Amino acid sequence: MSLHHATLRQLKVFDTLAIHGSVVRTAEALHLTPPAVSIQVKQLAETVGQPLVEQIGKRLHLTAHGRVVARACRDIFGRIESLGQELAALQGLESGSLSVAIITTASYFVPRLLGDFCEDHPGIAVAMHVGNRETVLERMERNEDDLYILGQPPDSAQITAAPFAPNLLVAVAYPGHALAGEARISPKRLAREPFIARELGSGTRRAAEEFYAESGLVPSIRMELGSNEAIKQSIAGHLGISILSESTVRGELASGELVRLDVEGLPLRRQWYAACPKNKMLSPAAKAFRAFLENRAQVETRSANGT
Ligand code: PGA
């Protein structure tokens, strides 16, 4: 098989198809007609010598060969993007783009950090994508962004992750709750309370379940919700307790709308990480943002230690 006949255009069309999963949406994104998309993909498949997509029911799926080609496309276009940025960097950090995928829970503070960064580099165009842990890891797998902010990087030698801020997970209840004000509540006692859990795929949910599991317990999940905000409202509405990142409840704890429970083994002391695949060629903008986060972490550690 000689891939030299594959054109960059065909690869771009296939890359976009792999992201959108639909010929119509790919055509829209690239300002082409659907038949033009199908022809480009067909020609690429002929060059590869194997089908790249298959239609099962209404959905289009990548074949095993298609997935390998799609991964290569991400590398190629990632490299082209960083080439553009490297060239732009020759003129300093005056232009360029930065795409960051952040975990839902980090959306309580990362946008402010990005805001400070953009004030220093007004020419950089920033895109931010918010999703739960599973979604952010899928984006990393597909190499869709420059950096990924998450609470628990996957345990893989293929990924580099640097901690930049503490992430404490605390148990929260409404102020008149029977356990509010009680000292050293045992996990066993806590497990008897109705628990309001984040959705499956959430890092917060995973950490909370691990906490209970360490004592051989499972939380009695009363409700599952896909947002920290909805969980806070449900706690305030006396529907149960939860374990959440402190950064999501700082305002409510300060105003007294919610209270922190004193539970043995809590808070869970975790970190926020800036991660990316180890072999990723980071753009100058991404390198600058990572350095900005590391610098922030050092300044905050120094001020916490009074040095
Ligand atoms: P989540 O992630 O928003 O998916 O719960 C938070 C975390 O990983 O700590």
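Buried, as the word is used in these legends, means under 20% relative accessible area, and by that cut-off glutamate 246, with a relative accessible area of 18%, is buried. The views show a predicted model, in which the count comes to 14 salt bridges.

**View 1. Glutamate 246 and arginine 260 form a salt bridge.** The closest N and O atoms of glutamate 246 and arginine 260 are 3.1 Å apart. Glutamate 246 belongs to helix α10 and arginine 260 to strand β10 (residues 259–261), so the pair ties together parts that are 14 residues apart in sequence. While glutamate 246 is buried, arginine 260 is partly exposed, its relative accessible area being 41%.

**View 2. A salt bridge joins glutamate 252 and lysine 232.** Here the closest N and O atoms are 3.0 Å apart, and the pair links distant parts of the chain, with glutamate 252 in helix α10 (residues 246–255) and lysine 232 in helix α9 (residues 228–236), 20 residues apart. Both glutamate 252 and lysine 232 are buried.

**View 3. The side chains of arginine 74 and aspartate 15 meet in a salt bridge.** The distance from N to O in this pair is 2.8 Å. Because arginine 74 lies in helix α4 (residues 64–89) and aspartate 15 in helix α1 (residues 8–20), the pair ties together parts that are 59 residues apart in sequence. Arginine 74 is buried, with a relative accessible area of 16%, and aspartate 15 also counts as buried, at 2% relative accessibility.

**View 4. Salt bridges link Arg139, Arg142, Glu144 and Asp145 in a network.**

Note on methods:
Residues are numbered from 1 along each chain as its sequence is written. This is a predicted model: local features need pLDDT of at least 70, side-chain atom pairs count only at pLDDT 80 or more; totals for chains, interfaces and linings use all residues. Side-chain values use heavy atoms; hydrogens and water are left out. A salt bridge is a side-chain nitrogen of Lys or Arg within 4 Å of a carboxyl oxygen of Asp or Glu. Helices (H or I, at least four residues) and strands (E, at least two) are DSSP runs, numbered from the N terminus. Buried means under 20% relative accessible area, exposed over 50%, partly exposed in between (1.4 Å probe, protein chains only).
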